[in-house]
Amino acid sequence: MSSVSDGVHTGNRAESADLDTLARVTGRIRESIEKVIEGKPDVTRASLVVLLAEGHLLIEDVPGVGKTMLSKTLARSIDCSVRRIQFTPDLLPSDVTGVSVFNQDTRAFEFRPGGIFANIVVGDEINRASPKTQSALLECMEERQVTVDGSTYHLDQPFMVIATQNPIEMEGTYALPEAQRDRFMARVSMGYPVEAAEIAMLSSHTRRNPLEDLEPVTDAVEIRKLIDIVNDVYVAETVQRYAVAITTATRRSAELVLGASPRATLHLVRAAKASAAIDGRDYVIPDDVLNLAPQVLAHRLLPTVEASMSGRTTDVALGQILSAVPMPESRRRG
Amino acid sequence: MTRPQVDWASVAVPSLVAAATTWFSLIAWAGFVQDPGEYLGPALTAVLLVAVAGTLLRSVRTPALVVLVVQLFLLAVWFTHRWVPEEAAFGGWIPTSGSVADAAVLLGEGALAAQAYQAPVPPEGAQIFPLLVLSGSLVAVLVDFLACGLRKAPVAGLPLLAVYTAPVSILDGGVPWWAFALGALGFLTLLLTEQARTLAHWGRAVSRSASAVDAGTGPLPGLSLRSSARRIGLTATSLAVVAPLVIPTLGDSLLPSGGPGGEGDGSSVAISNPMVDLRRDLVRGRDVDLVTLATPDPDPSYLRISVLDTFNGLTWKPSGRDIPAEQIASGELPDPPGLDAEVPRTEVDYRIAIEDAFDTTWLPTPYPVTSIEAPGDWRYDTDTFDFISAVEDQNGAGLEYSLTAFRTDPSAEVLQRGGAAPESVFTPYTELPEDLPDTVSDLAEEVTDGLGSKYEKAVALQSWFRNPDNFEYDLNQGPSGSANEDLVTFLTPGPEGRIGYCEQFAASMALMGRSLGIPSRVAVGFLEPDRIGDNRYVFSAWDLHAWPEMYFDGAGWVRFEPTPGTRAPEVPAYTIGNIDEPEPTEGPSASGPTQAPEQQDPNRLDEGEGGATDPTAGGGTGGTLGRVVLVGLLLAGLVLAPQLLRTVTRRRRWAGATTARESAEAGWDELRDTALDLRFGWDDTVTVRNQARTLAGVFGATGPRRPDEPVRRRSVGASANPEAAHALERVVRDVEQARYSRDLVGRVGRDGDEVRADVERCTEAMYAGALKKRRRTARWLPASLVRGDLLRLRPPARRTGHVATEPGVDRAL
């Protein structure tokens, strides 16, 4: 958006005040994150979008680029309960969900909540846990509740899992099955910082951990309000059709063996709504969908053997699809 | 739809359209014959035969050439059955060698009838119908072959055009506009059918940029292309039809032709039978220069083409001339017959050039010629002193020759005392057809009653014809010929009578002269030229004229001018001599030379009054200037039309936008059109923002050049013109809001004028960022005009709830 910036929309709807609030709060969170994670506005924005769209975020990259730092910073910026689970091969499902223990005093089983019981759960190196543990986590993510020994425990709102993982070719990892990756709304890669950002990092991070100075800039209650605002964002029929056209195209692509699921479409539109709200709009434009599509869709797609053998990644295939799917005829008449 | 595997519509529709188009075109031939139904009926059968055969054969994928052969065979069978005597053909249907010979004879007779009769051919010339039908059928086969067999509908326009050229070049009034419109409509439909079919194979929609094409993956929707096809087809064809309607035309000829002396494009004039061709050339829709003349003669009027010396009851025509080879038009000529040496004569040199447009087998010359040098084999007749081509295919068009002639000025006395004509002149030139109506001789007697000499009688006749109380000059209302009955109509007083043009005046006076025993004939030529320079004159088609010549011994053949002063203002000097000019209405008056000016007066007055109705009025240099101005205006109109259309589009676009939403869309359309005009490309399939980003990339600075700026090249891009970039941002937001925001009543967008101001800022920046050449092209030939939006050809975007089942299909839904 070099020439076309997202200025604050000056519509005269009652929601414009809400949108202003949203913009202000997200701006604060962003500033807060950028104090710690320098030079990664895209990733920061993606995490905010996922937070407001009630999704879960998967951060994937090589070790040491700040995955955990980002999730911790986001969690710290919001005054809410935060848990961090370090996934290891010996982590048990009950460590995640919680376990019922027998209390000698009361002579009854009582539930000890696991790491999942928080507003923001940072799941570090999720692909190092056994598939059994992984699936326990993913179930909670989808259902937003935990069932242990016949009792169901609802999770707090907002609830967001920020999982990090090393790329699967690293040793000692259990790759997340495709079906489970589908539950993450978006996947982002941190990427290496640009040179200037890395130098800035050296000066800020070597004296003391900036995370420790971080004060929460908002709280769970406010975030819930923001989520409500996002839910009110309008999606025109043409934009819906555009989103559907994109996911449909992934299912028909010759390069992909697995396309995007209907859940992916849903995630895409929800993320687009959050993105629009962050930009101060109460309506989604096709650009929102288009720009989020790589982050929302890429991790759900599976390239064909031929495509992966010849080095064509899902990102390339998706890029082609996105440039080929035309805008719907969007002119309104009358 | 009995056989679902065959797409009947796609096979049958073009064939039927082709057939209908051909038949509509054939209506243009209606002017050839008096009863057009006689050929249009069979022609309809023929074109239907061709269409049905074509449809059936093509539906089973028969090769085009085979279809052609079968159609021709079927036509031959039908033609044989319809026209050739039954016994000649096998079983009455199958052509045999005998029937082919019969058909050839039949067609030969048709060709003869076409030559023998003047259009419209009367029922007696019915032999022409098989010829017309066969020609029409062959055109139908050709059109069907080109348009449906080879799928080259545009080429099929050529045979159709050929159908039209025949009547346009032969018939007086050309083709009625509706006949042409019908054919044109058919042809357009044909083109449209063809284009829709062809375009579906093109690939991308019109506005897709190259990069998008490269990036494209899956198969592309054919449906969306249909709308492009419609758009292009309808735009192009509509423009083709509408444009000629808006452009001013010259006269009523249908096919506009080139300037004077055009290259055989309908603006040429052919003179083979001078009298017959005369009226046609006089009433033709536009004037054509035919002969240019360089001479010191101050009054080079009355340039003769031919002399008509026999009258057969139907028309005056040149008698058969047997001209020996020594009478070639090269060198000295003998003295003209009957001219005494004592009559004063002035020799004048002429240099004459016949324009290419003038197809003549006669050489226009003054009378009498004393010496001539003309290239080619041209011979003269010693009686008439006209020059005729001695070789079959020799044509005067483009010929240049020089000659010397003399102007004689016989005095009235010479004519008055002229002796009796020699037998060799008297007998042939006083011959009258037996069936000549008595009206002619009775009137001649009546008008010249009581006059003594033949000269006085001749002058009396001339005065009688020229008297505005007696006759009225009108090119259109009188009879169209000079046959017996035409002349009776012309000479008899009545609602239709006493009106005519030079042909009737000249023919009548010559016949009346003959009935009075004065040797007479009719000369055809040019009346009065337009002066185009020092000693340079031009005669045009509207100057064509006919006048009588009468023989007086001693003076030879002298011309008279019975045509009224509205057309021919001057009468020969010797006819206003010092003798009585008895006027039947006025009675005898005192004789004397002083009488002459008064006698002349009515004619002089007519000149002034008649100027307005004279077909040659406005001719001369004024006429040429007018033509130049008209052509100039036409060219200017053509050149300016695209940008005018573009401006109109822009105005209408803004005027039509009343709501904020419409303003935003209008602004976006305007930006798109400007981008297309400047050949920046436009991609409707990317998002508004992405398109805007591309657009901002070509923005140039609009302000004056800063002193520190490098002279060579100004940078382009959003940074080059931040003001326009911000304006574009605002427009983009408007468009997005218009398209994607909640459709709420309370939401009010920006004012239309604000949007317009922003859009104009952007278009200025786009122009500033474009190369000079592109800017020029954009102004003079805006490419955006060829899109269909101008004509609102896109169907209203009433979409069904259908969801895309294929990538990209929604564009076409």
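**View 1. Cys140(A) sits buried, at a relative accessible area of 3%.** Buried here means under 20% relative accessible area, exposed over 50%, and partly exposed in between, using a 1.4 Å probe and protein chains only. Keep in mind that this is a predicted model: local features need pLDDT of at least 70, side-chain atom pairs count only at pLDDT 80 or more, and totals for chains, interfaces and linings use all residues. Residues are numbered from 1 along each chain as its sequence is written, chains are lettered from A and ligands numbered from 1 in the order written, and side-chain values use heavy atoms, leaving out hydrogens and water.

**View 2. Over in chain B, Cys502(B) is buried too, with 0% relative accessible area.**

**View 3. Chain A has 14 helices and 13 strands.** These are DSSP runs numbered from the N terminus: H or I of at least four residues for helices, E of at least two for strands. Of the 334 residues in chain A, 54% are buried.

**View 4. A nonpolar patch lies on the surface of chain B, with Leu635(B), Leu644(B) and Trp780(B) among its residues.** Trp780(B) belongs to helix 23 (residues 772-780) and is partly exposed, at 40% relative accessibility.

Definitions and conventions:
Patch = residues over 30% accessible without salt bridge, like charges linked within 9 Å, V, L, I, M, F, W, Y side chains within 5 Å. Areas by Shrake-Rupley, 256 points an atom, 1.4 Å probe, with all protein chains shown as cover. Salt bridge = Lys/Arg side-chain N within 4 Å of Asp/Glu carboxyl O.
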